[in-house]
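This report goes through a few local features of one protein model. Please have the sequence and the coordinates open while reading.

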Amino acid sequence: MGNTNNKYKKISQEIVNVIGEDNIDSATHCATRLRLSVTDRKKIDDEKIEEIDEVKGVFYTGGQYQIILGTGIVNNVYDEMSKMYDFENVTKEKMKENKQGRFQKALDC
């Protein structure tokens, strides 16, 4: 079981290393995606994020950088990230309040 936690810890660290700890304002997740509010979208190398184990894709919408990890993985990565870093924890509702763009609702989990 310890190896499983180490796997999610490693994924979390790799994500934060690529995005930059100081570039992440807040974090939350839905059923399949890690949702990060970032300071500077241009600083993120999507290809490096997509090379991380378990990452199925990324996109940026409504002011959020979203990393698709899948059910059962995203919550574990988020939990490890919450233990290691002090990002503001925001609810999905709060993220929605900060959304930009009219198609955001269709993209919600």
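The sections below cover the basis of the values, a loop cysteine, a charged patch and an aromatic pair.

## Basis

This is a predicted model, in which local features need pLDDT of at least 70 and side-chain atom pairs count only at pLDDT 80 or more, while totals for chains, interfaces and linings use all residues. Residues are numbered from 1 along each chain as its sequence is written, and side-chain values use heavy atoms, with hydrogens and water left out.

## Cys30

Cys30 lies in the loop that runs between strand E1 (24-29) and strand E2 (33-38); strands are DSSP runs of at least two residues, helices (H or I) of at least four, numbered from the N terminus. Cys30 counts as buried because its relative accessibility is 5%, where buried means under 20%, exposed over 50% and partly exposed in between (1.4 Å probe, protein chains only). Gly70 is 40 residues away along the chain, and its C-alpha atom is 9.5 Å from that of Cys30.

## Negative patch

Asp45, Glu47, Glu50 and Glu51 form a patch of negative charge on the surface. Charges are placed at CG of Asp or CD of Glu.

Glu50 belongs to helix H2 (residues 46-50) and is partly exposed, at 40% relative accessible area.

## Aromatic pair

The count of aromatic pairs (ring centres within 6.5 Å) is 1. Tyr85 and Phe87 make a stacked pair, with 5.4 Å centre to centre and 15° between the planes; stacked means planes under 30 degrees apart. Tyr85 is buried at 14% relative accessible area, and Phe87 is buried at 13%.

Note on methods. Patch = residues over 30% accessible without salt bridge, like charges linked within 9 Å, V, L, I, M, F, W, Y side chains within 5 Å. Areas by Shrake-Rupley, 256 points an atom, 1.4 Å probe, with all protein chains shown as cover. Salt bridge = Lys/Arg side-chain N within 4 Å of Asp/Glu carboxyl O. Lys, Arg positive; Asp, Glu negative; His and termini not counted. Phe/Tyr/Trp six-rings, centres within 6.5 Å; stacked < 30°, edge-to-face > 60°.
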